[in-house]
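Trainee: I would like to know what stands behind the labels used for a model like this one. Can we go through them one by one?

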Amino acid sequence: MNEGMREVAGLMARAQRVTVLTGAGISAESGIPTFRGSGGFWKDEEEMMRLSTLEGFLRDPQAVWEFYDRRRVQANSVQPNPGHESLADYETRALRRSASFALITQNVDGLHARAGSRNILELHGSIWHARCFKGCCADLVQLPEEPLPAYPPECPKCGAMLRPHIVWFGEQLAPAVLSESYALAEDSDLMLVVGTSGQVYPAAGLPYVVKRAGGTVVQVNMEPTELSHAADYNIYGKSGEILPELMLFVKLGDKL
């Protein structure tokens, strides 16, 4: 472990108000495709507009439901990786020493919860939930692991069409989730930013909120991003390798 990673592990062991921000990179290491590029969910802009916008859903709800069914099947076929598991372990250890911990994710695949993380804010929703298209029923509907037999399903309360509980392009993030995320960032003394390009706002603005409030930002990513110049520490490589290594030192610090 190099000196920079030792310093980061020491910060992790001492931090009292921890926030983690994760993006597609951590799930990619489990086999979940990223959004664009080779092997991504969308081949081009036209397909993205067809499958991930409100207009596309209204035009062909069955095609959109089938797309999200495929995503659920795929997510269920892979396992959380050591990066996910390390963050869940870190949360447990932080809470044990009475530190606060929150995990804010841009991912919608549910892998953090399956790894054991508990205090999760899903900025972009979840493929495992649906909600009433009319908005008259506030409760989320849990979706099954197997593909849905009919498209689109109906709201169990009012009978209206359900829609995936996903923030599509052109839509705003849920105000309550966004507000809580920014409040957590402003109160953080440490933020780990894992596997996100730092290009998608408003999530990309959270590390800068931490910086303005005097906190420390640590980026873990495969390559430099737009955040690299502002982060206090940049560690490049697979999060599934780096986070377990950091946690080994955190555990050692717990015993000292």
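**Labels and their cut-offs**

Mentor: Start with Cys 155, which is buried at a relative accessible area of 7%.

Trainee: Why is Cys 155 called buried?

Mentor: Buried means under 20% relative accessible area, exposed means over 50%, and partly exposed is in between, with a 1.4 Å probe and protein chains only. Cys 155 has 7%, so the label is buried. Some background: this is a predicted model, where local features need pLDDT of at least 70, side-chain atom pairs count only at pLDDT 80 or more, and totals for chains, interfaces and linings use all residues. Residues are numbered from 1 along each chain as its sequence is written, and side-chain values use heavy atoms, with hydrogens and water left out.

Trainee: How do you know that Cys 155 is in no disulfide?

Mentor: A disulfide here is a pair of cysteine sulfur atoms within 2.5 Å. For Cys 155 the nearest cysteine sulfur is that of Cys 137, 3.7 Å away. Cys 132 is in no disulfide either: its nearest cysteine sulfur, on Cys 158, is 3.6 Å away. The whole structure has zero disulfides. Cys 132 is at 4% relative accessibility, so it counts as buried.

Trainee: What makes Phe 57 and Phe 133 a tilted pair?

Mentor: Rings of Phe, Tyr and Trp (its six-membered ring) pair if their centres lie within 6.5 Å; planes under 30 degrees apart count as stacked, over 60 as edge-to-face and the rest as tilted. Here the centres are 5.9 Å apart and the planes are at 45°, so the pair is tilted. Phe 57 is in helix H4 (residues 54–59) and Phe 133 is in the loop between E4 and E5, so the pair ties together parts 76 residues apart in sequence. Helices (H or I, at least four residues) and strands (E, at least two) are DSSP runs, numbered from the N terminus.

Trainee: What makes Arg 163 lie over the face of Trp 168?

Mentor: The rule asks for NZ of Lys or CZ of Arg within 6 Å of the ring centre and within 35 degrees of the ring normal. Arg 163 is at 4.0 Å from the ring centre of Trp 168. Trp 168 counts as buried, at 2% relative accessibility.

Trainee: Why are E5 and E6 called edge strands?

Mentor: Two strands pair if DSSP finds at least two bridges between them. Strand E5 (141–142) and strand E6 (162–166) each pair on one side only. The open sheet has the order E5-E4-E6, with antiparallel pairing. Four bridges join strand E4 (residues 125–132) to E6.
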